[in-house]
Amino acid sequence: MPGWTGTLADRAAAVGAVENKAFVEMAVVNVYAKRAAKLSVHVDPSLLFKRPIVSVRFWANGVLSFGAKGQFEGHTIHKISQPRGAITVMEGYAANVVTHAVMCKDVKEKGCSVMLRGCVPGAVREAQAA
């Protein structure tokens, strides 16, 4: 992984978002390059990724929506603000059961989130064998 991901992992450990820097084995960069960009509704599979799921927000404020279904229409959704520079931690029910997404109507300007993840050992072995 690039060196800057180690800096993010250090910061996540320093604020208690992860137990230690070694937890972070993968960084995924989600760039919202223009207004109305989105991240589709999903639950990060616990068979692949350890908990917690950690997100660091860059460039602009963001909004993470929970409980979204389909194309987001007609469903009650809980939203959390992600100010630029914020570290968001998802674990337990929020990470394992409730869907989450970035809705296109909430992307007002170019933004970026970096997901810091640990991988489940068996998943890594299976991916290497494939």
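These legends accompany views of a predicted model of one protein chain.

**View 1. The whole chain and its elements.** The secondary structure comes to 3 helices and 8 strands. Read from the N terminus, the order is α-β-β-β-β-β-β-α-β-β-α. The radius of gyration is 15 Å, close to the 14 Å that the globule rule gives for 130 residues, so the chain is as compact as a globular protein of that length. Its C-alpha atoms fill a box of roughly 40 × 30 × 25 Å along the principal axes.

**View 2. The largest nonpolar core.** This core has 12 residues. Leu8, Ala9, Ala12, Ala17 and Val18 are among them. So are Phe23, Val24, Val54 and Val56, along with Cys112, Val114 and Leu116. Three elements each supply at least two of the core's residues: helix H1 (3-14), strand E3 (53-58) and strand E8 (111-117).

**View 3. Valine 18 and its contacts.** Val18 belongs to the largest nonpolar core. Leave aside its neighbours within four places in sequence, and valine 18 is in contact with Ala9, Ala12, Ala13, Phe23, Pro52 and Val54.

View 4. Buried residues make up 38% of the 130 residues. Among contacts with a separation of 6 or more, 81% join residues 24 or more positions apart.

**View 5. Surface and charges.** The accessible surface comes to about 7500 Å². Carbon and sulfur atoms account for 55% of that surface. The chain carries 16 positive and 9 negative charges. Their mean positions are 7 Å apart.

Technical notes. Residues numbered from 1 in each chain as written. Predicted model: local features only at pLDDT ≥ 70, side-chain atom pairs only at ≥ 80, totals over all residues. Heavy atoms only, no water. Core = buried A, V, L, I, M, F, W, Y, C linked by side-chain atoms within 4.5 Å. Buried < 20%, exposed > 50% of the residue type's maximum accessible area, 1.4 Å probe, protein only. Helix = DSSP H or I, 4+ residues; strand = E, 2+ residues; numbered from the N terminus. Contact = heavy atoms within 4.5 Å. Rg over C-alpha atoms; globule rule 2.2 N^0.38 Å. Areas by Shrake-Rupley, 256 points an atom, 1.4 Å probe, with all protein chains shown as cover. Lys, Arg positive; Asp, Glu negative; His and termini not counted. Charge placed at Lys NZ, Arg CZ, Asp CG, Glu CD.
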